[in-house]
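Here is a short report on salt bridges and nonpolar cores. Keep the structure in view as you read.

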Amino acid sequence: MKKIIIDGYEILVDNGVFTTATFRDYEGNEICIELGEKMQVEFQERRREEFRNNYENRKHIDTYLKDDYLFDSKISKNNNLMEKEIIDEDFRNFIIKEIKKLPYPQNKRVYMSVIDRYSYIKIAEIEGVSDTAIRHSVERGKEKLQEKLKKFLY
């Protein structure tokens, strides 16, 4: 007899036949049940599915480990993602620096609009100004940023 775990159930196997299943209920009591034919078939199918999933994972991992080209390309993709994140963070910091260079009320409004993603109405409520004034200020600030970004990118 041997014990195997399938989906949290402890199954006793005697000569390849699943005989009993043991599990704990919500109160922590151990419950042991005899397995009928349908339950045996169900647990065998769950076990096969477990093996299939493990085989697929092993097959893909083995393929990457054995094939140097695939392994290197997988690693380089991860490195490219990390490089992209660093570049995105640098670009975000550049934009924030440029926003801070704008005149005082405008830089605060553009920051709340671009970085914090506040609506014009929300910014107007915070500052106690009309939303039209906020919209004009933010749009003009964004135009100035676009001019600086064109110089930066080209």
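## Salt bridges

Arginine 24 forms a salt bridge with glutamate 30, and their closest N and O atoms are 3.6 Å apart. A salt bridge here means a side-chain nitrogen of Lys or Arg within 4 Å of a carboxyl oxygen of Asp or Glu. Both arginine 24 and glutamate 30 are exposed. Exposed means over 50% relative accessible area, buried under 20%, and partly exposed in between (1.4 Å probe, protein chains only).

This is a predicted model: local features need pLDDT of at least 70, side-chain atom pairs count only at pLDDT 80 or more, and totals for chains, interfaces and linings use all residues. Residues are numbered from 1 along each chain as its sequence is written, and side-chain values use heavy atoms, leaving out hydrogens and water.

Glutamate 127 lies in helix H4 (residues 120-127) and arginine 109 in helix H3 (residues 104-114), so the pair ties together parts 18 residues apart in sequence. Helices are DSSP runs (H or I, at least four residues), numbered from the N terminus. Both glutamate 127 and arginine 109 are buried.

## Nonpolar cores

The largest nonpolar core has 9 residues, including Phe94, Ile99, Val110 and Leu145. Such a core is a set of buried Ala, Val, Leu, Ile, Met, Phe, Trp, Tyr and Cys residues joined through side-chain atoms within 4.5 Å. Helices H2 (68-100) and H5 (131-153) each supply at least two residues of the largest core. The largest share, 4 residues, comes from H2.
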